[in-house]
Amino acid sequence: MLRVGLTGGIGSGKSAVSALLAERGAIVIDADKVAREVVGGGTPALRAIVDRFGAEILTVDGTLDRPKLGAVVFADPAALKELEAITHPAIMARTAELEAAAGADAIVVHDNPLLVEMGAYKQCDFVVVVDVPEKVQVDRLVSLRQMTNAEAQARIAAQTSRKHRTGVADFVIDNTGSLNELARVVGGLWAKLESLSR
């Protein structure tokens with residue numbers, strides 16, 4: 001099994017790279033999906049979040065109100081750290097289960113926006129970072145996700161720096177070009193990963 005960590009700042013286009021790798025045969029474990037799963041209704045992580053942040057972060061049907069919780073933690077670095085102390089161990093445990101199910105010959109891509117922050121890159125054979133300048137991130141978040149400039153900058157600031165992220169990378173993908181260009185670069189990366197997995 002070849003373990004590949006895939007990360008990038010918010011708005012970098014990491015999800016597009018993840019989809020292109022999946023098309024080529026990678027087993028993708030999406031940390032965002034796992035993160036939603038581990039805080040689902042009735043889970044131990046959700047109970048711990050309610051204990052810490054109060055029942056007001058729940059919707060009327062008792063599920064996590066992610067935007068409401070996000071508004072709290074992205075404005076308060078200490079609160080974000082407390083949330084991560086609850087969610088990161090649960091995410092890592094579920095990720096290990098999914099990886100074990102992938103099979104010995106698989107190229108497993110850990111698609112994780114917090115790969116560096118969680119220290120999860122240390123468990124990977126190779127780390128791929130999708131990178132764009134901060135201005136591109138802000139422009140994409142404002143135009144594609146309807147965030148304000150301030151909201152976009154707060155989300156970017158809550159993540160590790162570009163320098164720190166690219167500093168642990170084995171491969172850096174510059175995603176300022178077209179989707180066709182990205183597909184070409186990912187194709188080359190996939191060929192390298194296949195040769196490394198043999």
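The structure is a predicted model, so local features need pLDDT of at least 70 and side-chain atom pairs count only at pLDDT 80 or more, while totals for chains, interfaces and linings use all residues. Residues are numbered from 1 along each chain as its sequence is written, and side-chain values use heavy atoms, with hydrogens and water left out.

Start with the packing. The largest nonpolar core holds 28 residues, and Ile49, Phe53, Leu64, Leu69 and Val73 touch the most other members. A core here is a set of buried Ala, Val, Leu, Ile, Met, Phe, Trp, Tyr and Cys residues joined through side-chain atoms within 4.5 Å; buried means under 20% relative accessible area, exposed over 50%, and partly exposed in between (1.4 Å probe, protein chains only). At least two residues of this core come from each of helix 2 (31-38), helix 3 (44-53), helix 4 (66-73), helix 5 (77-100) and strand 4 (126-131), with helix 5 giving the most, 5 residues. Helices (H or I, at least four residues) and strands (E, at least two) are DSSP runs, numbered from the N terminus. Apart from this core lies another, of 19 residues, with Val17, Ile107, Leu182 and Trp190 among them. Back in the 28-residue core, isoleucine 49 touches Val39, Gly54, Ile57, Leu64, Leu69, Leu83, Ile86 and Thr87, leaving aside residues up to four places away in sequence; contact means heavy atoms within 4.5 Å.

Next, the pockets. On a 1 Å grid over the protein atoms alone, a pocket is an open set of points where a 1.4 Å probe fits, with protein on both sides within 12 Å along at least five of seven lines; lining residues have an atom within 4 Å of a point. Grid points are joined across faces, edges and corners, and a volume is the space filled by probe spheres set on the points. The largest pocket comes out at about 1000 Å³. Of its 36 lining residues, Asp32, Arg66, Phe74, Pro113 and Arg155 are the closest to the centre.

Finally, a backbone detail: glutamine 146 has a phi near 55 degrees, positive in a residue other than glycine. Glutamine 146 sits in the loop between helix 6 (134-145) and helix 7 (149-158) and is exposed, at 61% relative accessible area.
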